[in-house]
Amino acid sequence: MGKALQRALGGLAGGVLLVAVVLLASWLWPLSAAQERTLAALEAPRALPGSNAYVTLASLEVEGPLAQRQARVDEHTRQFETWYADRYVPGFIRGDAEDKAGTPPRLPGEDTPSPAVDTVLCGFGGAAGCLDAVRSQPQAVAAALAPHATLLARMDELALHGHYHSPLTQAAATPWPDMRQLTVPLSAHALAHLQGDSARALAGLCRDAGSGRMLMAQGDNLLTTMTGSAMLAANAKMFAAVLAELPLDAPLPASCGKAFLPLSADEASVCNGMRGEFAMQRGLAALMDQKIEHGQRYTRLFYSSGKTLARQAETLGQSCLPETRQAIAEDRKLPVPPVAASAWWQPQCLTNAIGCIVGDIARPAYQGYAHRQQDTAAQLRLLQAALWLRGQAVQGTAAPLAERLGNLPAGLRSAHRPITLSADGMALETPAYGKDRQMLRIPLPQAVSGQ
């Protein structure tokens with residue numbers, strides 16, 4: 001009996017020791033090479049060109065000169081950071097931030113809400129048909145645009161900036177400028193063209209395409225990146241639609257040349273947006289560490305902020321790697337990240353079960369952004385091809401359209417999704433990466449298509 005008990009106790013002690021060794025090995029498990037690469041890519045220093053568009057975007061519908069609006073935004077930043085430190089962080093640590101921290105201070109202008117975007121106005125998704133939509137009800141569109149006079153006047157100011165960076169600590173409760181308002185000028189440009197002022201319409205479209213390009217390539221979060229991408233693509237589509245209705249000798253504003261240049265690999269990447277996402281995750285990890293330190297410290301047996309961030313970096317940082325930039329430059333469809341293996345059995349997850357499971361749940365939410373960005377790049381190639389064909393027609397080139405299309409400059413070609421003529425001969429097309437079995441389309445000027 002005594003020997004049996006000794007053997008049982010010995011077995012139990014051995015089992016406890018084995019578990020301790022396994023947990024220690026998990027706790028000390030090093031980062032993988034892929035995690036180290038993506039962490040370094042996400043944390044690489046980044047230069048921000050030009051001035052910051054944040055004040056303009058945070059006060060699109062706010063009356064007053066820039067200096068006055070800057071002062072209001074600065075005061076809001078001070079109030080928000082005080083609220084975040086004094087109310088949100090303690091609430092997060094206690095676990096009742098949503099109930100007791102209250103709402104964060106409102107952005108300038110939110111105390112007197114901006115005019116709602118009327119459904120009669122075009123959105124980014126409807127840009128290709130915006131001309132026809134406005135043509136069908138011009139008076140209703142003019143009436144819907146009237147309350148947005150301040151915003152429409154503010155678009156020139158937005159175009160002067162070189163980047164977007166929020167001064168606020170990024171967290172779930174951080175307020176964002178209402179970027180839905182950026183769709184409003186599309187209808188104004190369409191109305192200007194239909195009223196006979198096509199030059200103003202083209203200039204506005206090129207100006208706003210440039211602003212979209214800036215937000216897309218030089219933003220500090222994923223929302224800004226994707227809003228800028230949609231804004232650029234929408235203005236490109238409407239620019240092509242307006243151009244299709246104009247004679248070949250209609251002059252183009254000088255700003256259009258820069259706004260619609262083909263995207264570089266860095267511009268067509270979602271890397272900067274993912275850097276912003278990672279910075280927000282880093283802030284959340286710091287809050288989790290404070291929560292654990294002030295509360296249930298045994299949670300550290302199931303959560304490691306360092307391992308969690310490394311795992312998240314592996315998801316978010318792919319877009320910042322050299323091989324991804326190379327694939328974008330060659331217009332190869334970026335692969336969809338594989339579904340993560342069940343987290344519970346992986347050695348590094350034994351002491352970070354919470355971080356692994358939460359990270360794996362969030363992973364699918366980031367799929368698709370890179371393909372949408374690649375489609376914006378393809379949309380600009382289509383537009384540039386249409387402009388090149390327009391130039392050929394101006395020069396009196398007599399070759400058939402299909403032959404001219406085969407002689408596109410090398411910078412407009414893609415071995416993976418070539419540009420083709422639509423079945424009706426009135427547009428250029430190329431396959432979309434973001435939506436299976438769908439085509440991206442840009443209309444040709446009538447004199448080019450022969451219609």
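Trainee: Which residues are linked in a network of salt bridges?

Mentor: Asp331, Asp375, Arg381 and Arg417 are linked in this way. A salt bridge requires a side-chain nitrogen of Lys or Arg within 4 Å of a carboxyl oxygen of Asp or Glu. The model is predicted, so local features need pLDDT of at least 70 and side-chain atom pairs count only at pLDDT 80 or more, while totals for chains, interfaces and linings use all residues. Residues are numbered from 1 along each chain as its sequence is written, and side-chain values use heavy atoms, with hydrogens and water left out.

Trainee: Why is the contact of Arg417 and Asp375 called a salt bridge?

Mentor: The N to O distance is 2.8 Å, and the limit is 4 Å, so the pair qualifies.

Trainee: What does the pair of Arg417 and Asp375 tie together?

Mentor: Arg417 lies in the loop between α18 (401-406) and β1 (420-421), and Asp375 in helix α17 (residues 369-394), so parts 42 residues apart in sequence are tied together. Helices (H or I, at least four residues) and strands (E, at least two) are DSSP runs, numbered from the N terminus.

Trainee: Why is Glu429 called buried, and Arg441 partly exposed?

Mentor: Buried means under 20% relative accessible area, exposed over 50%, and partly exposed in between (1.4 Å probe, protein chains only). Glu429 has 17% and is therefore buried, whereas Arg441, at 38%, counts as partly exposed. Their side chains meet in a salt bridge at 3.2 Å, N to O.

Trainee: How many salt bridges does the rule give?

Mentor: The count comes to 20.
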